[in-house]
Amino acid sequence: MRSFLNLTWVNLKLYIREPIATFFTLAFPPLMVLLFGAMYGNDPSPLFDGRGSMDVSMPAYTAMILATVAFIGVPITLGGYREAGVLRRYKATALRPFTYICSDVVANLLMTLIGMVGLVIVGWLLYRVHFEGNVLTVVVAVIFCGLSMCSVGYLIGSVAPNARTAQVVSMVIFYPMLFLSGAGIPLEIMPATIKKVASFLPLTYVVKLLRGLWFGNSWGEHLLETAILSGILVFGAALAARLFRWE
Amino acid sequence: MKEVLQVQELRKAYGSVVAVDGISFSVREGEIFGMVGPNGAGKTTAVECLEGLRQPDAGSVQVLGLDPWSGRLALAERIGVQLQESALPPRLRVAEALRLFGSFYQRRVDPEPLLGALGLADKRSSPFAKLSGGQKQRLFIALALINEPQLVFFDELTTGLDPQARRSMWDLVQHVRDRGCTVFMTTHYMEEAERLCDRLLILDHGQVVALDSPEALIRSLDAERRLVFSITEGQTAPDLAGLPSVQRVEQSAQRLVVYGHGERFVSSVVYALEDAGVPFLDLRTEQPNLEDVFLALTGREMRE
């Protein structure tokens with residue numbers, strides 16, 4: 001437990017010291033609020049069932065933070081650590097491999113939650129954004145979605161032969177998903193073809209689930225999203241566990 | 001003498017390449033044991049089998065009474081490891097690394113004295129990426145000692161370091177042993193092995209070529225020693241080649257090189273010169289070293 005807590009704390013600190021990852025997790029989402037808030041404001045709109053543009057951006061940007069952590073933070077760090085021999089060094093200690101993975105996952109989930117809290121604070125200060133759900137439910141959902149997306153990130157990090165490849169694969173997955181899943185730009189303003197494409201992107205289901213719970217829906221109204229994300233989680237985690245290499 | 005490590009017929013192959021080919025040896029408590037050999041001899045593979053990082057194909061290994069592969073975590077508590085190739089997260093700071101690695105073990109020492117002993121006290125807040133090669137190696141030694149191990153493995157500790165850093169590393173290794181920790185080290189520098197090791201195993205192509213103390217290995221060669229000196233101009237050297245311990249003499253102008261064997265070699269040459277009343281200058285003897293031992297045993301030069 002001592003090693004788990006220490007490692008989680010260190011991993012959090014290391015994440016924050018990484019300027020690019022920190023920018024996209026902590027600074028970029030509030031900047032989006034500033035930019036798109038200035039453009040669209042937060043007046044109630046029929047497009048979003050009478051909610052404002054910034055209201056619906058809160059769960060959407062949370063999904064964006066989650067994707068940043070899962071598709072940029074996880075694979076690039078894992079690939080880089082393996083390539084440099086950091087994982088080898090950890091493996092040669094009395095640290096249990098399982099403890100290492102758990103601590104890395106928890107640090108990444110905490111980072112996601114910290115990013116979300118920062119985003120909501122900015123959204124509330126500037127636009128008094130609405131929240132109609134249950135805080136605990138939303139936090140559980142963020143953790144669930146985070147685990148699901150991170151399992152894909154670990155899978156990429158496990159199969160990528162080096163940090164460079166991990167980075168390229170991550171970018172190729174991350175950027176289209178950012179713009180086409182409703183995380184960066186609401187799907188409501190997108191043409192039908194894009195909506196069709198979006199239905200094949202895992203992050204789309206994260207956005208749908210988080211937005212629904214954010215505005216008071218119950219899990220029961222999101223069985224499809226829950227099932228798809230659970231499937232990704234089970235499949236991704238099982239495959240990552242099989243393919244994970246320390247060196 | 002108590003043994004801390006026993007290896008019987010250890011074998012490890014990667015596909016058709018046999019890296020370690022049936023080696024047997026043991027390490028005694030409190031010694032500095034060296035495994036030397038050229039790059040690619042199988043040293044790192046052998047060490048990693050002892051550390052529990054690789055599973056041997058055949059043979060038995062006992063380290064501190066444990067099987068390193070099946071008892072890896074239990075063994076890890078009691079040994080220290082410095083790997084030939086490894087790194088820390090680039091932004092992890094020195095003091096953080098020591099605290100973090102300490103937390104991985106049940107038994108751990110206070111990191112502060114370790115930082116001081118390894119000359120890292122003023123680097124405590126430096127990130128790993130900003131350390132020099134020597135500082136990184138010293139940090140890795142500190143990490144290897146954080147759990148107060150009974151046995152520590154140093155794999156190619158000084159490779160890539162400049163001569164000065166290498167020498168300070170040697171002092172550290174001796175210091176570690178003086179604290180009561182058995183040291184197992186690998187190196188491809190014969191000079192380093194000769195300087196540090198109580199006993200050493202010469203490994204070549206995955207096999208044990210020799211195993212003894214450096215002095216005994218050199219003595220066992222019974223190799224020629226050389227005596228080099230100059231005589232003043234106009235003097236003629238006596239007939240040194242006729243002495244029983246001398247094999248041959250080479251002379252160019254005033255400079256003589258005498259080749260010979262045996263305990264009385266040097267004294268008999270010096271006595272003959274004195275007896276003939278021939279003054280000599282700059283006398284020195286050249287001993288065979290471990291490089292010569294390796295050459296004699298394998299028929300090849302150690303390659304860098």
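**Stop 1: the sheet in chain B**

Start in chain B, where 4 strands form an open sheet in the order 11-12-10-13, with antiparallel pairing. Keep in mind that this is a predicted model. Strands of a sheet pair through backbone hydrogen bonds, either parallel or antiparallel.

Now select residues 246–252 and 280–286 of chain B, which are strand 11 and strand 13. Both stand at the edges of the sheet. Each has a single partner strand, so one side of each is left without a neighbour in the sheet. Look along the sheet: the twist averages 15 degrees from one strand to the next.

**Stop 2: one strand pair**

Zoom in on Q251(B): opposite stands L256(B), in strand 12 of chain B.

**Stop 3: the helix across the sheet**

Select residues 265–276 of chain B for helix 9. Helix 9 lies across strands 10, 11, 12 and 13 of chain B. Show strand 10 (225–231) too: helix 9 runs at about 20 degrees to this strand.

**Stop 4: two helices in chain A**

Move to chain A. Select helix 3 (residues 53–84) and helix 7 (residues 163–180) of chain A. They pack at an angle of about 170 degrees, with their axes 8 Å apart. That makes helix 3 of chain A roughly antiparallel to helix 7 of chain A.

Show side chains where they meet. On helix 3 of chain A, pick residues including M64(A), F71(A), I72(A) and E83(A). On helix 7 of chain A, pick V169(A), I173(A) and F174(A), among others. By class, this contact has 13 nonpolar, 5 polar and 1 charged residues.

Methods. Residues are numbered from 1 along each chain as its sequence is written. Chains are lettered from A and ligands numbered from 1 in the order in which they are written. This is a predicted model: local features need pLDDT of at least 70, side-chain atom pairs count only at pLDDT 80 or more; totals for chains, interfaces and linings use all residues. Two strands pair if DSSP finds at least two bridges between them. Axes are lines fitted to C-alpha atoms, for helices over the stretch in contact, and angles run from 0 to 180 degrees between N-to-C directions. Two residues are in contact if their C-beta atoms, placed from the backbone, lie within 7 Å. Angles under 35 degrees count as roughly parallel, over 145 as roughly antiparallel, 65 to 115 as roughly perpendicular and the rest as oblique. Ala, Val, Leu, Ile, Met, Phe, Trp, Tyr, Cys and Pro count as nonpolar, Asp, Glu, Lys and Arg as charged, and the others, Gly among them, as polar.
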